[in-house]
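We will start with the whole chain and then go from stop to stop.

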Amino acid sequence: MLVVNSVTKKYHKTVANDNISFKVDNGEIAILLGPNGAGKSTIIKSILGLLKYEGKIELDGLDNHSIEAKRKMGYVPEVPALYDMLTVEEHLEFVRRAYKIEDKGCAEALLSRFELEDKRKKLGKELSKGMQQKVSICCALLPNPDFIVFDEPMVGLDPHAIKELKGIFTELKNQGKTVLISTHMIDTVEDYWDVAYIMKNGKIEATQYNNKTDTEEKSLEQLFFEITEDKNA
């Protein structure tokens, strides 16, 4: 379980996150929605322990800056950060050795699933944005993390990779993993979310649960645009 409690992050006089609190349970997919500049990337970097902040963030009761918590984390950044001079298979081998993963079959299965087998000898700098994104996803999934963050994961992916990634979201949920997906593309997340947190100007402005039996509840898209476009907010 991820618990974010009263987190504030300032860049000099600019407040990027303003007293944010939310949680994501085990076996739950949470969506972090908001327009560009809403503060989504800042709270994600705070959760991952990449930034200093005021407040408290815990993962399964562990402080998020602790080594024990970091071992549980996986992260797919918005912009893939591959090594220029490592091949695709060398990226996965690097992760496998870093996490002391004995079974090489997991890496091979991921390469096959994302149609990267014929790209295994390609260097990071030779890959397209979409291919880099696929490698980034494979590297994040390989250690089998308990908690994984996807920051705009669909950008640049081809239809097959999008289909596979959506399937992976469901598999992670069924395995009891904690999943947080940050996006501003509502149509890419409409099928599988459990709870959505809508951000604007560094704050959580609304929380909505995916209760498909409640026909009177506003759709996620309606609520999003009401808040972000200041209609009845």
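Colour by secondary structure and you will find seven helices and ten strands; helices (H or I, at least four residues) and strands (E, at least two) are DSSP runs numbered from the N terminus. This is a predicted model, in which local features need pLDDT of at least 70, side-chain atom pairs count only at pLDDT 80 or more, and totals for chains, interfaces and linings use all residues. Residues are numbered from 1 along each chain as its sequence is written, and side-chain values use heavy atoms, with hydrogens and water left out.

Zoom out for the overall shape. The C-alpha atoms fill a box of roughly 55 × 35 × 30 Å along the principal axes. Of the 233 residues, 48% are buried (under 20% relative accessible area; exposed is over 50% and partly exposed in between, with a 1.4 Å probe and protein chains only).

Next, show the aromatic side chains: there are five aromatic pairs to find. Rings of Phe, Tyr and Trp (its six-membered ring) pair if their centres lie within 6.5 Å, and planes under 30 degrees apart count as stacked, over 60 as edge-to-face and the rest as tilted. Select Tyr83 and Phe94, whose ring centres are 5.9 Å apart with planes at 70°, so this pair is edge-to-face. Tyr83 sits in the loop between strand S6 (73-76) and helix H3 (88-98), while Phe94 belongs to H3, eleven residues apart. Tyr83 is partly exposed at 47% relative accessibility, and Phe94 is partly exposed at 46%.

Move on to Phe224 and Phe225, an edge-to-face pair with 5.3 Å from centre to centre and 80° between the planes. Which of the two is buried, at 6% relative accessibility? Phe224 is the buried one, whereas Phe225 is partly exposed at 35%. Then select Phe150, Phe169 and Tyr192 together to see one aromatic cluster.

For a charge over a ring, pick Lys9 and Tyr11: the charged end of Lys9 sits over the Tyr11 ring, 5.1 Å from its centre (NZ of Lys or CZ of Arg within 6 Å of the ring centre and within 35 degrees of the ring normal).

Last stop: select Tyr75, Val95, Tyr99, Cys139 and Ala140, which lie nearest the centre of the largest pocket among its 22 lining residues. A pocket here is an open set of points on a 1 Å grid over the protein atoms alone, where a 1.4 Å probe fits, with protein on both sides within 12 Å along at least five of seven lines; lining residues have an atom within 4 Å of a point. H3 supplies the largest share of the lining, four residues.
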